[in-house]
Amino acid sequence: MIEFLRGTIVHTERETLTLEVGNTGYLIYCANPFVFNRQEEEVTIYTYQYVKEDVLRLYGFPTRKERGLFEQLLQVSGIGPKGALAVLAAGAPAQVVQAVEEENETFLVKFPGVGRKTARQIILDLKGKLTEVMEDTSGTAMPSATEEIEFNEALEEALEALKALGYGEKEIAKVKPALKNEQLTSDEYVKKALQWMLS
């Protein structure tokens, strides 16, 4: 199994990115390809190779913790790679873990493809097995499911502008985590988001 790949992102789409490593381009499926900073010369992507019948895909994650949660979700009956990525696309794995521990079905059914039955199955299969995901690599506790993510005023205005331009919640959700790492004006946030969406 490939533990990780380190290289340069040369192309990004809604569900995939192409990482160039030693003159070879790897197509990697991601929950949110835009979370990786394309301005960096090199990025490290932790990978999971999925093999089933005639399917061979490489999935990528910014941290080992997210990859671990993805692997755990694949063990749940009724959850495949697409469903697991949909859960991770919100960009808050610790909130998912908290919801499982608190048996918060209402939170889990917000994800695409997760109904009451699947949410209950996730809780039954994973409760008590995800505690390590609650801390990041530095040991700092991550936000709980009940905490709201705060955005600065300029970013909020930019997100509203993107909605006015006709972009849906799903598209905006994919670029939101990466935008949070930037300190820009509203106009600059919009330009940056459009650049990522259209690249």
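# Close-up views of a predicted model

**View 1. The hairpin of S4 and S5.** In this hairpin, two residues lie between the strands, and Glu-53 has a positive phi near 50 degrees. Strands here are DSSP runs of E with at least two residues, helices are runs of H or I with at least four residues, and both are numbered from the N terminus. S4 and strand S5 (residues 55-61) run antiparallel and are joined by seven bridges. Two strands count as paired if DSSP finds at least two bridges between them.

The model is predicted: local features need pLDDT of at least 70, side-chain atom pairs count only at pLDDT 80 or more, and totals for chains, interfaces and linings use all residues. Residues are numbered from 1 along each chain as its sequence is written, and side-chain values use heavy atoms, with hydrogens and water left out.

**View 2. The pairing of S1 with S4.** Four bridges connect strand S1 (residues 4-12) to strand S4 (residues 43-52), and the sense is antiparallel. Arg-6 has Thr-44 in S4 as its bridge partner. In a regular strand, side chains alternate between the two faces of the sheet.

**View 3. Asn-23 in the loop between S2 and S3.** Asn-23 sits in the loop that lies between strand S2 (16-21) and strand S3 (24-30). Although Asn-23 is not a glycine, its phi is positive, about 65 degrees. Most residues other than glycine have a negative phi. Asn-23 counts as exposed because its relative accessibility is 74%; exposed means over 50% relative accessible area, buried under 20%, and partly exposed in between (1.4 Å probe, protein chains only).

**View 4. Glu-103 in the loop between H3 and H4.** The loop between helix H3 (93-101) and helix H4 (105-108) contains Glu-103. Glu-103 is not a glycine, yet has a positive phi of about 55 degrees. With a relative accessible area of 37%, Glu-103 is partly exposed.

**View 5. The whole chain, for orientation.** The chain has eight helices and five strands, in the sequence pattern β-β-β-β-β-α-α-α-α-α-α-α-α. Of its 199 residues, 43% are buried. Contacts (heavy atoms within 4.5 Å) were counted between residues at least 6 apart in sequence, and 53% of these join residues at least 24 apart. The accessible surface of the chain is about 11200 Å², with 47% belonging to carbon and sulfur atoms; areas come from the Shrake-Rupley method with a 1.4 Å probe, and for residues only the protein chains shown count as cover.
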